[in-house]
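Reader: I'm new to this one. Could you take me on a close look at a single part of the surface, and then carry on from there?

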Amino acid sequence: MIPHAGYEVITLSDRANAALPESLWLSIGYMLLAVASTAAFMSVLGMALVYVERKVAAHFQCRLGPMRVGWHGILQSVADAIKLLLKEDLVPDRADRLLFFLAPAFSVLATLLALVLIPMSPTMQVVDLNIGVVFIAAVGGFGVLGILLGGWSSNNKWSLLGAMRAGAQFVSYEVSIILSLLVAVLFAGSLQLSEIVQSQADGWWIWRGHISGFIAFIIFVIASTAELNRPPFDLPEAESELTGGYHTEYSGLRFSFFFLSEFINMFIASALGATLFLGGWMPFHIGGLDGFNAVMDLIPPGVWFAGKTGFIIFLTMWVRWTFPRLRVDQLMRLEWKFLLPLGFTNLMVAACLILTDSYFFPL
Amino acid sequence: MALINPRLGKQTTQSIGGLDIDVTVAPRNRTSSSGFVNRTIFIFRALLSLLKGMKITFGYLVRPSTVVTQQYPENRDTLKMFDRFRGQLYLIDDDNGYMRCNGCNFCELACPNGSIILKSRKNPISNTSELDRYIWRLDSCTFCNACIQACPHDALGWTQDFEGAVYDRRLLVFQLNKYAGPPSIAIKRAEKKGEGVEELKATTIPRTRYEGKVPLAGSALPGVPALGTPSKEKL
């Protein structure tokens, strides 16, 4: 099935399993490492992404962005995080307290569960489920549950409206996102993320699948931007209409949970796009050109993954700071009248390509 | 498409109100008409316009010279305000250091909220009216520019000084004239006539920054009438 299985995938859960017969403590140590590294990665990456977003946004708008804290404001995110931790934690009067406290936890939990599946390099992955793509799509729905609960329990009309918009948006665009994920899954013949990466050893699906892979990638980027509630699809938290949307009533630590999960979700969506369409940690290979492939192998897989993910993150930021926000009806029209028919057609075309083995370098 | 190209329009003549008038009928919504091909062209044009927008913002990102933000306290020495910035009002002097203002009072009449208070006096030599005190209240000024537009002698201007913040509101009352006495035009006229220049110059009294009490409630003070009193009742 896989022509060049040059890389051996060893996940942290594999290591913990392997260590279990010999030493229980070593196994527990691996588990703790997985938990600690995921949590640390999440918080550090969140702060870094906030800084990058602010800097990129500033320069897209002829500004400079944070410049005071540290060299070119590099410590601004740290200062903001400390400020958020020290802020008063307000709970609105007559709010549903239990759900109000649970909502940010749901959001962060969904983000964490998706993050452990991302293959960052052959050795940097916590769990490698054989239903990886389905799992990530399913867990994404858990995140929007957090948003809905947050909006509902706040006892605030803006929060409720924002949450309802988020729910409608998620349900609509999830269809398109699954259709575009299915194209990559069809090409790779597997739902396991590491196998999807390894199936791209001869070339990435974005260009091996003729035009089909490219269209699937574009649909994925648009639909994931909409699912992340990022501009130009940021209706759930449209400042000019809903003050803050679903997190209007949240402050301090709880707000930072929502904020963090939003930015890490952006990373997860970009990493998923890179994994499915741009080859994940797999270096840029062209089937048959062994010399060229050997040169590309000199760059370690982790760097390839970071580069591809960074490219998609930059793309979403670029879109965010260029286009104005859509109206609700325009948003729905784009999905149901344009992206959905396109996605279905694209899926049929991809299936035909696979049946006739007419894509580049068939497996 | 929002923009209409008149060359694409149909040139006809219509009878309007009994007159034959040449009319260009603008093409209506050419690209979004029905049909698969037209629809596809419309979508591709829309995508192209999106890419155009992205190209513009990318140009801003890669060219640091487009940044307009000023790092203010650091570049304080080199920062130059643009010419049309309305900083603070000042009286324009001619080359010899004599003001152009002759106390004609137009600016005070033009001021919509009484921020300018003029006091004029009779010159003891020439027996003409001239400026004694020019008091400008920054705290109530709205920078509407009406005084400068009203000035018939171009004697008023804005400085580009933007650091006007003070800790006491009473410091926002300024006396703009440096002396009380004849304007530059009166001195020039005397020079032309060749007599009485030194006597005229001797009538000037130096004026410094406004030092009197400030009527924050608008009440009258020596030399400054109450806010809202007609200018005829000036002290």
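Author: Two elements of chain A give two or more residues to the patch: α3 (76–86) and α11 (252–277). Helices are DSSP runs (H or I, at least four residues), numbered from the N terminus. The biggest giver is α3(A), with four residues, and V78(A) is found in that helix.

Keep in mind that this is a predicted model, where local features need pLDDT of at least 70 and side-chain atom pairs count only at pLDDT 80 or more, while totals for chains, interfaces and linings use all residues. Residues are numbered from 1 along each chain as written, chains are lettered from A in the order written, and side-chain values use heavy atoms, leaving out hydrogens and water.

Now for where the chains meet. Contact (heavy atoms within 4.5 Å) takes in 15 residues from chain A and 16 residues from chain B. One salt bridge is counted between them: the side chains of R68(A) and E74(B) meet at 2.7 Å, N to O. The term asks for a side-chain nitrogen of Lys or Arg within 4 Å of a carboxyl oxygen of Asp or Glu.
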